[in-house]
Amino acid sequence: MDFSLSPEQQALKDSAARFVEREYGFEARNALLRGDRFSAQHWATFAELGWLGAGLSEEEGGFGGGPIETAIVAEELGRALALEPFAPCAVMGVRALLAQASEAQREALIEPIISGESICVLAHGERAGRGEDAHVAVKAAKSNDGYKLSGRKCFVLGGPHADAFVVSARTSGQTTDRRGVSLFLVAADAQGVDIVPYHGVDGRMVCDLVLDQAALSADALIGEEGGALDAVELALDHGLASLCAEAVGAMDAALWMTRDYLQTRSQFGVTLNTFQALQHRMADMLVETELARSMLYRALAALETDDPLKRRMDVAAAKAQIGEAGHFVGAWAVQLHGAIGTTEEHPVGHLYKRLAFVRNFMGASDVHLARFAAWSAEAKAQDAHGQAARAGRKADDRRRTSPVSD
Amino acid sequence: MDFKLDPADEAFRAEMRAFIRANLPEDVARRGRRGYHPTHDDVQRWQRILNAQGWGAINWPAEHGGVDWSPLRRFLFQMELKAAGAPVEDQSALELVGPVIYTFGSQAQKDRYLPAILNADEFWCQGFSEPNAGSDLASLRTRAVRDGDEFVVDGQKIWTSEAHKADMMFALVRTNSEVKPQAGISFLLIDMKSPGLTVRPIYTINEGLSVNEVFFDSVRVPAENLVGEENRGWSYAKFLLTNERAMSAEVPHTHHDLELLKDIAAVEILNGRPIAEDPLFAAKIAKLEVDLLALEYAVLRVLHTPEDDASLNAVSSVLKLRGAELRQRVSELSVEALGEYGLAVFPDVEGQDNMDKLAPVPPAPDYAAGHLSKAMFRRATTIYGGANEIQRNIIAKTVLGL
């Protein structure tokens with residue numbers, strides 16, 4: 001294990017930090033909020049600086065990184081409250097494609113995304129599917145020359161900026177069956193596709209994706225028909241970890257911004273940092289931030305294991321823990337700033353809003369806590385079962401190999 | 001950054017697990033899994049087994065009889081020890097005074113005390129706190145006056161853990177009251193059998209005995225028992241207190257307690273089903289487990305961060321604070337899981353430290369024993385070693401610069 005940044009990782013972090021410092025100041029961001037809530041020029045810069053492929057190995061078409069590199073970029077973007085769809089496209093969209101697409105599809109689809117030509121986001125969540133990743137009610141009916149998709153995907157982050165969607169749809173089975181979920185590539189301008197845009201609490205654009213007999217050719221199917229749920233879950237886990245990294249960046253920013261504020265703001269003839277009640281509150285904020293960062297690292301480690309149960313468990317644990325920690329730090333940062341913290345005019349309120357977004361997006365803390373509880377029990381049962389099996393095997397071995405010494 | 005556990009470390013962990021399973025006596029392990037303080041004999045038996053293996057002091061350098069394991073391996077070993085129910089070692093000796101003696105002590109002190117610690121021939125207690133010197137330790141008043149080749153010690157220590165079992169005490173004593181408080185303190189090793197030294201037990205709210213008052217009435221201590229230089233004791237104490245900060249989170253202990261809690265929750269019935277399947281209770285366990293997973297990674301970060309790294313201060317500051325809170329929460333939840341029997345006082349029938357020697361054993365399942373005792377005793381975890389409010393002061397000052 002190594003918790004220090006390698007020279008390459010440090011360079012990546014520095015490049016992201018330099019960019020946000022130069023381009024993503026409070027006023028510059030406010031200008032984006034008054035417009036498209038997105039900058040095509042920034043997105044091109046993300047691609048140019050290699051961030052969109054930073055989290056992919058070379059075999060995956062990237063630049064030799066992994067989840068840690070993704071998190072480094074996401075943390076800096078979170079700190080700056082960037083509005084561009086990094087997590088839904090460069091993380092979830094790409095991960096879903098990598099896990100599910102055929103060799104030929106991967107070759108055709110991944111490169112345009114990491115070069116910034118195409119923004120392709122994952123569209124999986126549905127309103128009735130809260131807390132249940134296998135819930136896919138959007139139907140894909142076979143037609144003569146392909147499929148027809150119908151149904152609604154909700155709250156697709158970054159959807160209004162996308163030119164294509166990776167859409168999960170059911171090709172067989174009941175709404176929550178694990179089998180029967182397929183992925184399709186759906187162009188934003190395809191017939192029967194309606195994009196309903198709006199914006200979320202943190203200023204980012206989201207949309208509902210309404211599919212009404214959207215006609216797709218057979219080659220829009222990504223990979224195997226009916227077996228895409230594992231890939232979706234993997235993509236969601238990568239996305240959750242990326243959100244957690246954003247939150248850690250925003251928490252860190254809120255913490256130190258508040259520290260600086262307490263050192264400068266005077267009341268009763270002294271600066272606020274002299275009040276012990278406020279010092280202790282800030283100490284708790286630091287503790288939450290450091291534990292959140294620790295938990296983020298745990299989730300990143302889990303993304304690299306081959307054991308999906310362990311991966312899902314640790315990512316859910318991270319989302320539950322970091323969601324709450326982010327709220328704690330964000331809410332107290334606002335409180336310690338006093339009235340100005342509750343306005344659009346000060347960045348601390350915007351940090352709070354990003355943390356509020358992460359807390360409830362893709363499953364609130366209790367959703368992930370409940371999943372974690374269930375998966376933890378499952379892991380314990382597997383463990384006990386494995387131990388019993390091993391003990392049985394050992395006993396067998398003894399019977400076979402040691403008739404003399406016994 | 002790279003968070004993969006080295007396969008060699010995984011192999012080490014498996015090797016340790018196998019060793020402990022093969023060598024930890026069954027009755028010691030059974031008592032270790034209970035919530036009571038381990039008996040003198042159990043600590044001694046297990047320490048001698050470890051010492052025979054060369055693992056008597058895993059946090060000491062090899063030249064003083066320790067091992068040169070990485071911090072990570074020491075942590076993994078602790079996890080395995082706790083998981084198996086091994087008794088907690090004599091921490092005062094191995095984690096606190098031992099490193100002070102081999103770092104600042106004379107050769108004669110090293111030869112005299114270190115082997116006896118390694119083999120658990122002598123047990124130690126820490127004489128730091130006084131009735132009017134708790135969080136404000138530097139205001140301590142127990143004084144030691146030089147008289148020829150002896151010091152004469154007068155005063156009182158309190159909250160002295162295991163003083164009733166200890167052979168030796170390491171104490172902070174005032175040798176100069178003319179200077180600022182920190183500059184007049186010395187570090188003295190005191191034989192607990194010295195004439196004029198008396199120990200009064202203080203029973204804590206778990207009806208058990210682990211802390212004491214110790215009174216000094218003209219206790220004569222050989223001058224050769226002074227560690228390092230006179231009036232430099234405060235710096236040795238600071239060294240001692242920061243030495244084991246990664247261990248201060250006590251993650252292995254809480255991990256073990258959490259496993260016990262899950263075992264209880266799997267069999268205790270609420271509303272006709274195991275309480276582990278009650279959604280509200282399951283959520284409480286899950287929250288604890290999640291918090292522990294985060295804390296464990298914070299420990300791993302500290303273990304892998306070089307001493308001179310600027311980020312170390314921030315992450316290590318959370319360990320004691322949150323570690324202490326988690327220890328309380330897991331034992332409180334264990335009591336809750338047990339229902340009304342969770343409130344029944346189980347005397348520590350195999351120990352010697354009960355306040356009520358004649359207390360009957362409640363007719364509850366075996367696994368119910370010990371949890372109430374832990375929950376009561378653990379109110380102290382957020383107080384000892386620098387109360388959590390002091391920890392917050394330290395974070396505010398040294399990390400946040402407030």
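Trainee: How much area is buried between chain B and chain A?
Mentor: In this predicted model, about 3,900 Å² is buried between the two chains, and carbon and sulfur atoms give 67% of that.

Trainee: And how many residues does the contact take from each chain?
Mentor: The contact takes 43 residues from chain A and 40 residues from chain B.

Trainee: Which residues in chain B lose the most area to chain A?
Mentor: Those are Met1(B), Phe3(B) and Leu402(B). Together they make up 23% of what the chain B side buries.

Trainee: I'm looking at helix α8 of chain A and helix α12 of chain B. At what angle do they pack?
Mentor: At about 85°, with the axes 8 Å apart. Angles from 65 to 115 degrees count as roughly perpendicular, so α8(A) is roughly perpendicular to α12(B).

Trainee: Which residues meet there?
Mentor: From α8(A) you have Gln276(A), Gln279(A), His280(A), Ala283(A), Asp284(A), Leu286(A) and Val287(A). They meet Glu389(B), Arg392(B), Asn393(B), Ile395(B), Ala396(B) and Val399(B) of α12(B).

Trainee: Is Cys120(A) buried or exposed?
Mentor: Cys120(A) is buried, because its relative accessible area is 2% and the cut-off for buried is under 20%. In chain B, Cys125(B) is buried too, at 0%.

Trainee: What is Gln78(B) in contact with?
Mentor: Leaving aside neighbours within four places in sequence, Gln78(B) is in contact with Ile58(B), Glu89(B), Glu95(B), Met247(B) and Pro252(B).

Trainee: And Lys374(B), buried or exposed?
Mentor: Lys374(B) is buried, with a relative accessible area of 7%. You'll find Lys374(B) in helix α11 of chain B, residues 371–377. Not counting residues up to four places away in sequence, Lys374(B) touches Gly35(B), Asp257(B), Leu260(B) and Ser331(B).

Trainee: Switching to backbone angles. What's phi of Phe155(A)?
Mentor: Near 50°, which is a positive value in a residue other than glycine. Phe155(A) lies in strand β3 of chain A, residues 146–157, and is partly exposed, at 33% relative accessible area.

Trainee: Okay, and phi of Phe268(A)?
Mentor: Phi of Phe268(A) is near 55°, again a positive value in a residue other than glycine. Phe268(A) has its place in the loop between β9 (266–267) and β10 (270–271) of chain A. The relative accessible area of Phe268(A) is 77%, and over 50% counts as exposed, so Phe268(A) is exposed.

Trainee: Last one: where is Val179(B)?
Mentor: In chain B, in the loop between β4 (168–174) and β5 (185–191). Val179(B) is partly exposed, with a relative accessible area of 36%.

Trainee: How far apart are Val179(B) and Asn231(B)?
Mentor: In sequence, Val179(B) and Asn231(B) are 52 residues apart; in space, they are 9.9 Å apart, C-alpha to C-alpha.

Terms used
Residues are numbered from 1 along each chain as its sequence is written. Chains are lettered from A and ligands numbered from 1 in the order in which they are written. This is a predicted model: local features need pLDDT of at least 70, side-chain atom pairs count only at pLDDT 80 or more; totals for chains, interfaces and linings use all residues. Side-chain values use heavy atoms; hydrogens and water are left out. Axes are lines fitted to C-alpha atoms, for helices over the stretch in contact, and angles run from 0 to 180 degrees between N-to-C directions. Helices (H or I, at least four residues) and strands (E, at least two) are DSSP runs, numbered from the N terminus. Angles under 35 degrees count as roughly parallel, over 145 as roughly antiparallel, 65 to 115 as roughly perpendicular and the rest as oblique. Contact means heavy atoms within 4.5 Å. Buried means under 20% relative accessible area, exposed over 50%, partly exposed in between (1.4 Å probe, protein chains only). Buried area is the accessible area (1.4 Å probe) that two parts lose on being put together, summed over both.
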